[in-house]
Amino acid sequence: MSCPVKVKPHHVAMFTKDLEATCKWWEDIFGFPKMFQNKFFLPDYGEADMAWVKASEDLYIELYDFPGLDDTCAQHYWHEYGTKHLCLWVEDEDWDTLIAYLEGKGVEITVRAEHEPEKLGKTTSTKVIFINDPNGNTIELQQSFRPGEY
């Protein structure tokens with residue numbers, strides 16, 4: 001039995017070291033504006049600052065600022081289970097412009113790859129890059145592969 005109701009994406013959450021600087025980064029790099037900010041109490045963490053930046057009509061990036069976190073989790077990316085990255089996409093014809101733009105902004109591209117067509121059941125390859133936000137959260141960017149293609 002499939003789900004009897006339509007379920008849609010709402011947000012993905014990321015932890016930050018500096019909420020204001022991270023909100024500014026998302027707006028400066030991708031044009032995603034901060035839409036909301038408040039303090040929230042969460043079990044096991046206590047009081048934390050939270051903000052939403054709007055990635056699209058259907059997706060927010062929820063940013064939390066938890067005092068006292070350290071950078072050790074970034075070392076475990078490929079070696080532990082759990083959410084690993086947020087993926088954003090651009091039109092094929094915008095790919096080279098995006099790469100030049102990110103490099104011009106000083107954003108380090110940590111991984112560059114091209115997936116062969118047969119790996120994805122497509123007729124063309126798909127280029128991907130990985131970058132990190134100011135907190136070390138990983139963001140994948142890709143072209144040639146639209147959501148909903150399958």
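Mentor: What follows is an account of helix 2 and of the parts of the chain around it.

The model is predicted, so confidence comes before geometry. Mean pLDDT for the protein chain is 85, and 85% of the residues reach 70 or more.

The chain holds three helices and eight strands. Along the sequence the pattern reads β-α-β-β-β-β-α-β-α-β-β. Of its 150 residues, 34% are buried. Among contacts between residues at least 6 apart in sequence, 50% join residues at least 24 apart.

Helix 2 covers residues 95-104, and W95, L98, I99 and L102 are its buried residues. Viewed down the helix axis, these buried residues fall within an arc of 100°, so they line one face of helix 2. The general rule behind such a pattern is that an α-helix has 3.6 residues a turn, so residues three or four places apart point the same way. On the face turned away from the buried side, helix 2 carries the exposed residues D96, T97 and G104. After the helix comes G106, which has a positive phi, near 80°.

What lies over the buried face? The cover on the buried residues of helix 2 includes helix 1, strand 5, strand 6 (111-115), strand 7 and strand 8. Several of these elements also meet in the largest nonpolar core. That core has 26 residues, and W26, F30, I61, I131 and L141 touch the most other members. Two or more residues each come from strand 1, helix 1 (19-30), strand 3 (46-56), strand 4, strand 5 (86-90), helix 2, strand 7 (126-132) and strand 8 (138-143). Helix 1 is the biggest contributor to this core, with six residues. In general, nonpolar side chains of soluble globular proteins tend to be buried together.

Apart from neighbours within four places in sequence, I131 is in contact with W25, F30, V107, E108, I109, T110, N137, T138, I139 and L141.

Strand 6, also part of the cover on helix 2, can be followed through V111, which lies in that strand. V111 counts as partly exposed because its relative accessibility is 33%, between the 20% and 50% limits. With residues up to four places away in sequence not counted, V111 touches V128, I129 and F130. V111 and F130 are 19 residues apart in sequence, and their C-alpha atoms are 5.0 Å apart in space.

Strand 1 and strand 4 (residues 59-65) run parallel and are joined by six bridges; A13 has E62 in strand 4 as its bridge partner.

To return to the helix: W95, L98, I99 and L102 are buried, while D96, T97 and G104 are exposed on the face turned away from them.

How values were computed: Residues are numbered from 1 along each chain as its sequence is written. Side-chain values use heavy atoms; hydrogens and water are left out. Two strands pair if DSSP finds at least two bridges between them. Helices (H or I, at least four residues) and strands (E, at least two) are DSSP runs, numbered from the N terminus. A nonpolar core is a set of buried Ala, Val, Leu, Ile, Met, Phe, Trp, Tyr and Cys residues joined through side-chain atoms within 4.5 Å. Buried means under 20% relative accessible area, exposed over 50%, partly exposed in between (1.4 Å probe, protein chains only). Contact means heavy atoms within 4.5 Å. pLDDT is the predictor's confidence in each residue, from 0 to 100. The arc is that of the directions from the helix axis to the C-beta atoms.
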